[in-house]
Amino acid sequence: MADTASRSGCTDAGHSSRGAEPNDEQSELEPDDIFHILQTSRRRHVLRYLRRAGEPMTLRDLAERIAADEHETTVENLTSDQRQRVYISLYQSHLPKLDTRGIVDYDKDRGIVESTPMAAQFDPYLSGLESGSTDPWPRRYAGTVGGCALLAVATAGGLLPIPWFAVSSVVLLAVAAVTAIHWYSELIAS
């Protein structure tokens, strides 16, 4: 069995930040190491973008994309400060950590970052982040509440001649129905 340093990719002989490949004897990362790496959103973004690109990226491109994600804007609309904060944290902290573990190959001098085969260990954890949340229930609840609010506003504005008792009954039944369907779907899924 390989020793702990070899498993985590922390040996100097196993990986150099100047283009050497990880040691062939290197085994998979421990779950605690994987979770430690993934605990920071910027490192998750790095792994996700490198996986998506499938080729080396410049540190600048990586920092701009991550900053755009964090600020929910486009690369073109980023301020200099927004770019710089992400660039510095990647340069000084996150990329060296990923490089030391053998997860990426980070050439500081050239500003080039690329995935190593070890990065594939993170794919199962990152696959759900690609398209955001796939849970439809928040949208269903929001749609129900929105529909009920429209009904209440239309009734209050005199557009619908419906008694308030009927409106409140419809609102109560709609929320109860969505909640019951959600509960039932969770029950049969487990």
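Which residues in α3 meet which residues in α5? Arg42, Arg43 and Val46 are the α3 side of this contact. On the α5 side stand Arg85, Val86, Ser89, Leu90, His94, Leu95, Lys97 and Leu98. Contact here means heavy atoms within 4.5 Å.

Some ground rules come next. This is a predicted model, in which local features need pLDDT of at least 70 and side-chain atom pairs count only at pLDDT 80 or more, while totals for chains, interfaces and linings use all residues. Residues are numbered from 1 along each chain as its sequence is written, and side-chain values use heavy atoms, with hydrogens and water left out.

Now the whole chain. It holds eight helices and three strands. Both are DSSP runs numbered from the N terminus: helices are H or I with at least four residues, and strands are E with at least two. From the N terminus on, the order is α-α-α-β-α-α-β-β-α-α-α. Of the 190 residues, 34% count as buried. Buried means under 20% relative accessible area, exposed means over 50%, and partly exposed lies in between (1.4 Å probe, protein chains only). The accessible surface comes to about 11,500 Å². Carbon and sulfur atoms hold 57% of that surface. Areas come from the Shrake-Rupley method with a 1.4 Å probe, and for residues only the protein chains shown count as cover. Among contacts with a separation of 6 or more, 56% join residues 24 or more positions apart.

Return to the opening pair. Helix α3 covers residues 41–53, and helix α5 covers residues 80–100. They pack at an angle of about 80°, with their axes 10 Å apart. Axes are lines fitted to C-alpha atoms, for helices over the stretch in contact, and angles run from 0 to 180 degrees between N-to-C directions. The two helices are therefore roughly perpendicular, a label for angles of 65 to 115 degrees. By class, the contact of α3 with α5 has five nonpolar, two polar and four charged residues. Ala, Val, Leu, Ile, Met, Phe, Trp, Tyr, Cys and Pro count as nonpolar, Asp, Glu, Lys and Arg as charged, and the others, Gly among them, as polar.

Helix α4 spans residues 59–70 and contains Glu64. Is Glu64 buried or exposed? Glu64 is buried, at 11% relative accessible area. Beyond its neighbours within four places in sequence, Glu64 contacts Val75, Leu78 and Arg83. The loop between α4 and α5 holds Glu72. This residue is exposed, at 74%. Glu72 has a positive phi of about 50°, though it is not a glycine. Most residues other than glycine have a negative phi.

Further along, UniProt's unreviewed entry places "transmembrane region" at residues 141–159 and 165–184. Such annotations may be inferred rather than shown by experiment. Residues 141–159 are 84% helix and 0% strand, with end C-alpha atoms 25 Å apart. Residues 165–184 are 100% helix and 0% strand, and their end C-alpha atoms lie 28 Å apart.

Helix α8 takes in residues 164–189, including His182. His182 is buried, with a relative accessible area of 18%. Ala174 counts as partly exposed, at 23%. Ala174 touches Thr144 and Cys148. His182 and Tyr141 are 41 residues apart along the chain, yet their C-alpha atoms are separated by 9.6 Å. Ala174 and Tyr141 are 33 residues apart in sequence and 9.6 Å apart in space, C-alpha to C-alpha.

Methods: Angles under 35 degrees count as roughly parallel, over 145 as roughly antiparallel, 65 to 115 as roughly perpendicular and the rest as oblique.
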